[in-house]
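Subject: Structure handover

Hello,

Please find the structure below. My notes on what was found in it follow.

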Amino acid sequence: MQIGMIGLGRMGGNMSRRLMRAGHRCVVFSAHATSREALAKEGATAVGSLAEMVRSLEEKPRVVWVMLPAGRVTEETVEALGDLLEPDDIIVDGGNSFYKDDIRRAETLAGKRLHYVDCGTSGGVWGLERGYCMMIGGAKEAVAHLDPIFAALAPGQGDIPRTPGREDGDPRVERGYIHAGPPGAGHFVKMVHNGIEYGLMQAYAEGFDILRNKDSQDLPENERFTLNMPDIAEVWRRGSVVSSWLLDLGAAALAKDPQLKDFSGFVQDSGEGRWTIEAAIEEAVPAEVLSAALYARFRSRQDHTFGEKMLSAMRFGFGGHIEGQQPGAGVKNAG
């Protein structure tokens, strides 16, 4: 298929590369000429404007994937595309937009007979090789048309054993992508995914902080242990019930620097955690752990513990997030 990709940052560029590896043809645009030129050298068609992109997309219905930070830049880009595209064309927002914005945009674009698909995308800087887990919202027909794109971006089933009882389930989910529901549903599922991620990361951070401080001078001498953080992380990766990719990333950071000296412990939040708590309030659903994890990130900006350095190290590991970088400075796949 032919697809237009707008935004060639940490994820958009690698998604274009993965699509081209699978034989798809990419027309790419970025405000940064160097990013466009780099993809052009790898086989993409680089364009200098949205209008030129639409003209360059010969295959109909046209498909344009927007991979920009949530907020004003995405809003303005979708609005501009709505004026440039023709009936039956498809706009995909693969960033981290708020799901209520998706619902509004879909309704507006439907008046122009355009399709809007929201795609929560997880995979970070590792997605080029590992693939991207995707949570998709939109009309069934539009999502079905895009299936070759989603299939190419997804991780595939790999060597993960099939869950017992799933023999008659939707095979797409076993390959790493799901049609979650109508417009907005994809980003809603991804939003809650990121809220859960906050809680998981906070649990690891607090646990390693407790381990690290077992040699505290405030403890009786015979109760003090000097524990090996890299080795504990490593052994937990192998057969433990708390093993996960997040732990893999934490173990890699500790193996490189057991004291995590390169991390200050300043932990940013990219928005989805806050939206998840807002959704919990609207639904009157208790979310004690996720709320506490969000507030712990706020507190990290005042003083820093070893646990917060661990949080920061994991966040850098999966998404390349730089300490202190404000949301909107680049596309984020996760909190």
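A salt bridge here is a side-chain nitrogen of Lys or Arg within 4 Å of a carboxyl oxygen of Asp or Glu. This is a predicted model, in which local features need pLDDT of at least 70 and side-chain atom pairs count only at pLDDT 80 or more, while totals for chains, interfaces and linings use all residues. Residues are numbered from 1 along each chain as its sequence is written, and side-chain values use heavy atoms, leaving out hydrogens and water.

Salt bridges. The whole structure holds 23 of them. In one, Lys60 pairs with Glu86, with the closest N and O atoms 3.2 Å apart. This pair links distant parts of the chain, 26 residues apart: Lys60 is in the loop between α3 (50-56) and β4 (63-66), and Glu86 is in the loop between α4 and β5. Helices (H or I, at least four residues) and strands (E, at least two) are DSSP runs, numbered from the N terminus. For accessibility, buried means under 20% relative accessible area, exposed over 50%, and partly exposed in between (1.4 Å probe, protein chains only). Lys60 counts as exposed because its relative accessibility is 52%; Glu86, at 35%, counts as partly exposed.

Glu282 and Lys100 also meet through their side chains in a salt bridge (2.9 Å, N to O). That pair joins helix α13, which holds Glu282, to helix α5, which holds Lys100, across 182 residues. A further salt bridge is formed by Arg299 and Glu308 (2.1 Å, N to O). Arg299 is partly exposed at 32% relative accessibility, whereas Glu308 is buried at 6%. There is also a network of salt bridges linking Glu75, Asp93, Asp101, Asp102, Arg104 and Arg105.

Helix α5. This helix covers residues 99-110, twelve in number, and reaches 17 Å from its first C-alpha to its last, close to the 16 Å expected at 1.5 Å a residue (1.5 Å times one less than the number of residues). Its buried residues include Tyr99, Asp102, Arg105, Ala106 and Leu109. They lie on the same side of α5 because they cover an arc of only 110° around the axis, the arc being that of the directions from the helix axis to the C-beta atoms. Glu107 and Thr108, on the other side of α5, are exposed.

Strand β8. His179 is found in this strand (residues 177-181). His179 and Asp215 are 36 residues apart in sequence and 49 Å apart in space, C-alpha to C-alpha.

Regards
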